[in-house]
Amino acid sequence: MKLSDREQDGIVILEPKGKIMGGPDATLLNDKLHEIIEAGQKRVVIDLSQVNWMNSTGLGILISTLTTLRNNDGELKLANVTEKIQSLLVITKLAPVFDSFDTIDDAVKAFK
Amino acid sequence: MDIELVKIIIYIFTGGFLSFLAITIVRDNLGNRLNRVTSAMLLFAGLGPLFLTLATIIHQSPQASTGFTDSNLFNMQHIWEFFFPLLLLFSWIFPEDRLREFRHPGLKYLIFIPQVIHLLLMLFFTTIADLLSSFAIDPDATGFSKIILVPASYLFSFLLLIISFIRNNHIAIFGSLNILYILTAIYFLESSRKLVTNPRLITQTRMVFHGIRFSVGIYALTFLGSLLFQKLFSDTLLSASYMLSSLTIAGIFAYATIRYQLLDVRLKFRQSFVYTITSALLVGIYIILVLKSETILQPFFGAQSEVLSYAFIILLLLLFQPINGFIDSILKSLFIRTRTDHSTIIERFSRQVISLFDPKKLRQIIEDTLKTSLLVEKVYFVLFDDEIGEYAILQSDDFSKRVALDRDDLMLRGINLLDSPTYLHSLSDYMADSQLANALNERKVRLVLPMKDANHMLGFIALTDKVAGYRYSTDDFNLLGVLSNQMVTALTNARLYVDSLERTRLQKEVSMARQIQLDLLPSFPPDIETIAISVHSTPSRTVGGDFYDFIKIDEDHIGIVIADASGKGMPAALMIAQIQAIIHSEVNNGNRISTMMKNMNQLVAEATSPEKYVTLFYGELNTKQGEFHYCNAGHNYPILARSNGDMELLTTGGPIIGALLNMEYTSTSVRLGPEDILFLYTDGLSEAMDKDENEFGEKRVRDLVCENRQQEACDILDNIIKEVRAYDNTYPPRDDTTIISLKTNSKLVTTNV
């Protein structure tokens with residue numbers, strides 16, 4: 001997984017690319033997240049358009065991100081959730097837990 | 001041959017041997033005080049017999065005068081008594097150099113005074129006596145000369161009296177003094193011998209001390225005996241015991257020097273010494289044989305002996321070379337191939353460490369090797385500690401605390417730049433504020449020996465001075481260089497071995513964990529009249545994160561669990577164990593399924609971090625009537641394939657267990673009819689991949705179940721596994737895979753309750 005980030009209207013957009021799996025990916029995302037929180041940011045959108053695969057650990061990373069943000073009074077929204085990840089969210093019944101949007105703009109707007 | 005001749009030969013041999021040994025020692029290592037003292041001591045011990053020989057030869061010559069015993073040449077033999085003060089000096093510096101701390105080094109020469117007096121007395125007494133007799137006072141002298149000269153004359157006469165007393169009893173007086181020297185020397189030798197710890201030095205000192213004691217013991221006994229029981233001790237007995245005494249001294253020092261490298265004399269000098277002595281002996285024998293050839297041949301060949309003697313000389317000449325070679329090889333095996341020969345040290349060291357994997361023992365061998373072969377006084381190890389990730393000075397006999405070093409320590413960096421053994425004082429640029437430098441100075445370290453492999457420094461060995469003040473030679477440096485390479489290899493091997501031991505231990509623990517896990521899983525599916533159950537479960541590692549269970553609730557009800565913990569291996573297996581315990585206790589409590597799942601989620605979510613979760617399906621099946629009450633907590637949908645061709649997915653439930661707190665769960669019921677199939681699996685099955693990384697997929701699983709609906713439970717399972725293996729033949733599978741295949745039969749009661 002590669003991870004880039006940018007800001008749009010005061011909201012951090014994280015753009016992972018590739019497969020989200022365990023190990024280094026978790027560390028990478030976790031470190032980035034703490035960086036964001038320490039910088040005082042609390043609202044994060046993860047753009048999943050370029051994530052083609054995610055295993056159970058990858059899902060764990062998403063859950064962990066959500067929890068960390070919530071514990072810091074922040075909020076996480078997902079954008080461009082691919083069909084594969086959507087079905088994973090459905091099966092695990094986490095779909096209601098995550099706010100998912102079709103586009104980044106929609107996700108950003110939802111914070112307003 | 002008469003006894004006098006034997007005596008002379010032995011005297012010459014002993015004297016020559018001692019002098020030659022003395023020269024050999026000095027020639028190799030003049031810089032060392034111990035060598036100088038020992039050499040002088042042996043030289044003087046050798047001078048005694050040599051002067052005696054000369055005196056005896058002169059004595060035997062026809063021109064010998066009756067007053068010969070007073071001749072200067074004969075009296076020169078007393079020069080050998082310098083042996084005693086030198087022995088005392090030797091005892092002060094071997095094996096510990098006590099003189100180093102002596103404040104007035106010049107004072108030590110005072111111990112030579114009695115021997116000097118003795119020698120002077122013996123050499124010049126006649127002159128002094130003449131001189132004094134010339135002072136005889138004219139009894140008619142008056143006035144000034146009488147006032148001054150008469151007391152002076154008395155004084156001189158008194159002095160003369162004392163001197164002549166000493167002169168007449170010189171053997172008893174100076175002999176006793178010498179014995180006093182011997183006793184003092186033995187006292188010092190014994191007291192410092194107790195301090196010796198170096199193994200090689202122990203052998204050396206033991207040998208030398210016993211030799212000295214034996215030799216001077218004989219001397220003292222002979223001397224006292226001859227003094228007290230003059231009649232019992234004939235001249236022959238006296239000379240025999242003196243000879244034995246000096247031969248012992250000579251032999252013991254020669255042997256200790258050659259064999260145990262006493263005095264640190266280099267191999268080539270020890271060799272040359274041995275060869276010279278044996279060659280001299282051989283040549284001596286050869287010359288005697290040649291000189292006597294005619295006499296030897298005379299009885300056998302009579303008149304022809306003169307001609308034959310030439311042939312005999314040539315024969316001897318021909319024999320000389322092979323005999324010399326033979327003796328040479330004997331000497332080599334006896335003396336030269338000793339533990340101090342460098343190639344032997346290296347060979348021995350590598351033989352010892354090649355199969356040694358205990359780092360502690362290895363360090364012991366390194367330490368012993370350095371102490372024995374190089375006479376190093378103390379050896380300290382500074383090694384990289386994998387556990388703390390820093391270098392540390394290891395414990396030693398005198399410093400019981402291990403000292404961890406700062407990675408940025410200046411001296412450590414300095415040593416890191418080295419490639420070969422280096423004197424510590426040449427690293428003075430790195431001393432400032434260095435904890436390591438202080439510690440090394442405190443330990444009196446002289447030399448550091450870095451141990452480097454291709455990538456980094458394993459550490460270094462710190463060596464103090466050699467014992468008895470010997471210096472490190474160029475040869476020593478070469479040897480240390482070679483040894484350090486071998487040590488690096490040995491230490492690396494030992495470390496790899498410890499690593500592999502640790503791995504083996506972990507593997508053992510994991511396989512124990514696997515056994516525990518297997519024991520927790522039902523060994524085979526329950527035997528139920530109405531239902532056939534088949535199970536397949538393969539972990540992708542030794543222990544897995546998949547879990548299934550059948551829990552008997554009562555006669556008619558059975559609980560069925562299938563679960564998959566996030567991640568793999570040990571962490572997943574530990575979560576599974578926790579889940580299993582919770583399920584069993586919840587089932588025993590008789591809670592409703594939805595409550596049970598909620599409780600379980602709460603317990604796991606509180607205990608673990610959010611990314612640790614379990615997808616879990618739990619259902620309770622009425623084995624008589626086929627009613628199945630279940631809750632699906634985020635697990636792959638189990639497939640219910642009806643006998644009539646319908647297919648349902650069991651989706652009702654709630655989110656995965658353990659990810660988030662305060663989740664709600666719902667449960668629902670389905671009714672199984674005869675010949676219905678319930679197929680439960682974990683995502684290891686559906687996420688199998690072909691070589692292009694296309695997933696096997698849930699749809700394919702469903703289709704396969706439906707296609708195989710006519711088959712028995714076990715055949716359905718086998719067929720699907722066959723299919724998936726054909727699709728993805730990775731072994732072990734990428735992910736833990738568990739499948740439960742369950743098929744009801746016609747014995748199921750189909751009437752509505």
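Tutor: A helix here is a DSSP run of H or I with at least four residues, numbered from the N terminus. The model is predicted.

Student: Which helix of chain B holds F223(B)?
Tutor: The helix in question spans residues 199-228 of chain B. F223(B) falls inside that run, which is α8.

Student: Is F223(B) buried or exposed?
Tutor: The cut-off for burial is 20 or more other C-beta atoms within 10 Å. F223(B) has 23 such atoms within 10 Å, so F223(B) is buried.

Student: What percentage of the residues of chain B count as buried?
Tutor: Chain B has 22 helices and 17 strands. Its length is 753 residues, and the share that counts as buried is 35%.

Student: Are α17(B) and α18(B) roughly parallel or roughly antiparallel?
Tutor: Helix α17 covers residues 474-520 of chain B, and helix α18 covers residues 569-589. They pack at about 30°, with axes 11 Å apart. Angles under 35 degrees count as roughly parallel. Therefore α17(B) and α18(B) are roughly parallel.

Student: How many residues in the contact of α17(B) with α18(B) are nonpolar?
Tutor: The crossing of these two helices is left-handed. α17(B) contributes V510(B), A513(B), Q517(B) and L520(B), while α18(B) contributes M570(B), A573(B), A577(B) and Q580(B). By class, there are no charged residues, two polar ones, and the nonpolar count is six.

Student: Which strands are the edges of the open sheet of six strands in chain B?
Tutor: The order is β3-β2-β1-β6-β5-β4, with antiparallel pairing. An edge strand pairs on one side only, and that holds for residues 403-404 and 422-423. The edges are β3 and β4 of chain B.

Student: In β6(B), which residue is the bridge partner of K452(B)?
Tutor: Strand β5 (residues 445-452) and strand β6 (residues 457-464) of chain B run antiparallel, joined by seven bridges. K452(B) pairs across to M457(B).

Student: What angle does the direction of α17(B) make with that of β5(B)?
Tutor: α17(B) packs on this sheet, where it touches β5 and β6 of chain B. Its direction against β5(B) makes about 50°.

Student: In the open sheet of five strands, by how much are neighbouring strands turned against each other on average?
Tutor: The order is β7-β17-β16-β12-β13 (chain B), with antiparallel pairing. β7 (531-538) and β13 (647-649) are the edge strands.

Student: Which residue of β17(B) does L680(B) stand opposite?
Tutor: Five bridges join β16 (residues 677-681) to β17 (residues 737-744) in chain B, and the two run antiparallel. L680(B) stands opposite I740(B).

Student: Which helix lies across β7, β16 and β17 of chain B?
Tutor: Helix α21 (residues 698-707) lies across β12, β13 and β16 of chain B, at about 25° to β12(B). The helix asked for covers residues 713-727 and runs at about 30° to β7(B). That helix is α22.

Student: On the side of chain B that touches chain A, how many residues are charged?
Tutor: The contact takes 17 residues from chain B and 14 from chain A. Chain B's side has seven nonpolar and eight polar residues, and the charged count is two.

Key
Residues numbered from 1 in each chain as written. Chains lettered and ligands numbered in written order. Predicted model: local features only at pLDDT ≥ 70, side-chain atom pairs only at ≥ 80, totals over all residues. Axes fitted to C-alpha atoms, helices over the stretch in contact; angles between N-to-C directions. Parallel < 35°, antiparallel > 145°, perpendicular 65-115°, else oblique. Left-handed = near helix turned anticlockwise from the far one by under 90°. Contact = placed C-beta atoms within 7 Å. Nonpolar A, V, L, I, M, F, W, Y, C, P; charged D, E, K, R; others polar. Pairing = 2+ DSSP bridges. Buried ≥ 20, exposed ≤ 12 C-beta atoms within 10 Å, placed from the backbone.
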